[in-house]
Amino acid sequence: MEEVYFNDEIVEIRDMVRRFAQDKIAPLAVECDEAERFPSELVEPLFEAGILTMPMSEEFGGINANTQTLSVVLEEVGAAFATMGPVLLSTFSPIKIVAMAGQPHQQKAIFSQMSAKPSLGAFCLSEPHFGSDARSMKTSLVKKGDHYVLNGTKRWITNGGVADWYLIFTKCGDGKDDFAVCMIPATSKGISFGKKEKKMGLRGGPMCDVIFEDVEVPEEYLVGKPGDGWHTLDRVANTMRCWGAASISVGIARSAFEVAARYAAEREAFGKPIGKFQGVGFKLADMARDLRATQLLIRDTNYRVDLELPSVSANTMAQVSMSKYTASDTAMSVATEAVQILGGYGYMQEYQVERMIRDAKAFQILDGSNEIQRLILSRDILREYA
Ligand SMILES: Cc1cc2nc3c(=O)[nH]c(=O)nc-3n(C[C@H](O)[C@H](O)[C@H](O)COP(=O)(O)OP(=O)(O)OC[C@H]3O[C@@H](n4cnc5c(N)ncnc54)[C@H](O)[C@@H]3O)c2cc1C
């Protein structure tokens, strides 16, 4: 189906990434999920294909990819093997944040090193005592002479231990809005890592605590100025709920739907394909409707975000939230219905739809739980109608 929101360049990138994802990523899915193995052999090919650095400007080997483009990339990767979605998202989002909120000398200091070799990123916000309530963070950045000193522990960090660069949200004073963002290399003295987490899904993705003890941070590794941090989180970083979590989710939904539709057309019971029974056919119709409606919502939201960045309006952020919870709920319901349509085969590993349920569940929680997204949307509604 032709996509009205896509120009020729996005279609070309989508087709290239689809080929890459189907040829190189999808064949690793079963083994990496089962062995809980991170497919590190993909990092170099992703760099060589120009995918890892896409959100950087041309100066650093990127294409300045907008959120519509990144969304398309992550949908394709999510459709091939969802584990690799957050691995890429955790690289794209720090780059996008530095590109949107960093000063030119900070971008140069970070991107010139990051683009020189295959590099993964990590997005460090959650801490042991909070995930949703970001204002309660304890990680601190304190100025000492000509540099800053970082202390704190970040929890459940995707790419923890394998990333080359860490983007960190931190307090920088006692005031309500005293937040800062910095991006530091993994080689910084004082960084250490907790145990590897064992997860329900996304099992090929590395995750652990990241601990910062008296890490020296030069000013050029700050992203913007101290005090800019909350705005950067709220109006730049959180847009990834649509181009990231929602897009990977819709990729999962697409794959689960395709497996179910093919199966329903082939599997026979009582002398005809099961898809011809209304009980199964109507399920497929609802799955196709939810999938397409979600894709269109995501494309429209990204279009708006791209027009508004680097400071996205509250109204558009509410649509970002709507997209995130719609897409992850859709991924969960479509994957669950796919297992049902495949019956006993759905419950077995062979058709991979059981993995899609486990993978989809993560997106109802991470990057701001779906309850928090409903809260943001409901506040926006009440602001308008009060
Ligand atoms: C697979 C995975 C990958 C992740 N990767 C990263 C990462 O790379 N970087 C990172 O920083 N974090 C990461 N996280 C952490 C994730 O962002 C948090 O788990 C998420 O924000 C929810 O926080 P929490 O788990 O502390 O839940 P809590 O905030 O403790 O909430 C617990 C429950 O209460 C509900 N709740 C809380 N407040 C409200 C409210 N006001 N109204 C209604 N309900 C509410 C929540 O929706 C949730 O259901 C990851 C998590 C997962 C599962």
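In the predicted model, 27 residues of domain 1 are in contact with 23 residues of domain 2. On the domain 1 side of this boundary, helix 2 (29–35), helix 5 (84–101) and helix 6 (104–114) each contribute at least two residues. Helix 5 provides the largest share, 10 residues. By class, the domain 1 side that touches domain 2 consists of 14 nonpolar, 10 polar and 3 charged residues. The C-alpha centres of domain 1 and domain 2 are 21 Å apart. The domain assignment places domain 1 at 8–114, domain 2 at 121–227 and domain 3 at 232–385.

Strand 2 and strand 3 form a hairpin with 2 residues between them, and Gly145 in the turn has a positive phi of about 65°.

The largest nonpolar core contains 117 residues, among which Cys124, Cys182, Ala256, Ala260, Ala331, Ala335 and Ala338 touch the most other members. Helix 8 (residues 240–266) gives the most to this core, namely 15 residues. Leaving aside residues up to four places away in sequence, Ala260 touches Leu284, Met287, Glu337, Ala338, Ile341 and Leu342. Ala261 is likewise located in helix 8. Ala261 counts as partly exposed because 16 other C-beta atoms lie within 10 Å, whereas 20 or more would be required for a buried residue. The C-alpha atoms of Ala261 and Trp230 are separated by 44 Å, the two residues being 31 residues apart along the chain.

Helix 11 (residues 353–363) is mostly covered, with 9 of its 11 residues buried. The buried residues of helix 11 are Val353, Glu354, Arg355, Met356, Ile357, Asp359, Ala360, Ala362 and Phe363. The elements covering these residues include helix 2, helix 8 and helix 10 (314–347).

Most residues other than glycine have a negative phi, and most peptide bonds are trans. Glu36 has a positive phi, near 50°, and is found in the loop between helix 2 and helix 3 (43–48). With 16 C-beta neighbours inside 10 Å, Glu36 is classed as partly exposed. Asp367, in the loop between helix 11 and helix 12, also has a positive phi, near 60°. Asp367 is buried, because 26 other C-beta atoms lie within 10 Å. The peptide bond from Leu309 to Pro310 is cis, with omega near 15°. Pro310 is placed in the loop between helix 9 (278–308) and helix 10.

Note on methods:
Residues are numbered from 1 along each chain as its sequence is written. This is a predicted model: local features need pLDDT of at least 70, side-chain atom pairs count only at pLDDT 80 or more; totals for chains, interfaces and linings use all residues. Domain bounds come from an automatic or database domain assignment. Two residues are in contact if their C-beta atoms, placed from the backbone, lie within 7 Å. Helices (H or I, at least four residues) and strands (E, at least two) are DSSP runs, numbered from the N terminus. Ala, Val, Leu, Ile, Met, Phe, Trp, Tyr, Cys and Pro count as nonpolar, Asp, Glu, Lys and Arg as charged, and the others, Gly among them, as polar. Two strands pair if DSSP finds at least two bridges between them. A nonpolar core is a set of buried Ala, Val, Leu, Ile, Met, Phe, Trp, Tyr and Cys residues joined through C-beta atoms within 7 Å. A residue is buried if 20 or more other C-beta atoms lie within 10 Å of its own, exposed if 12 or fewer, and partly exposed in between; C-beta atoms are placed from the backbone.
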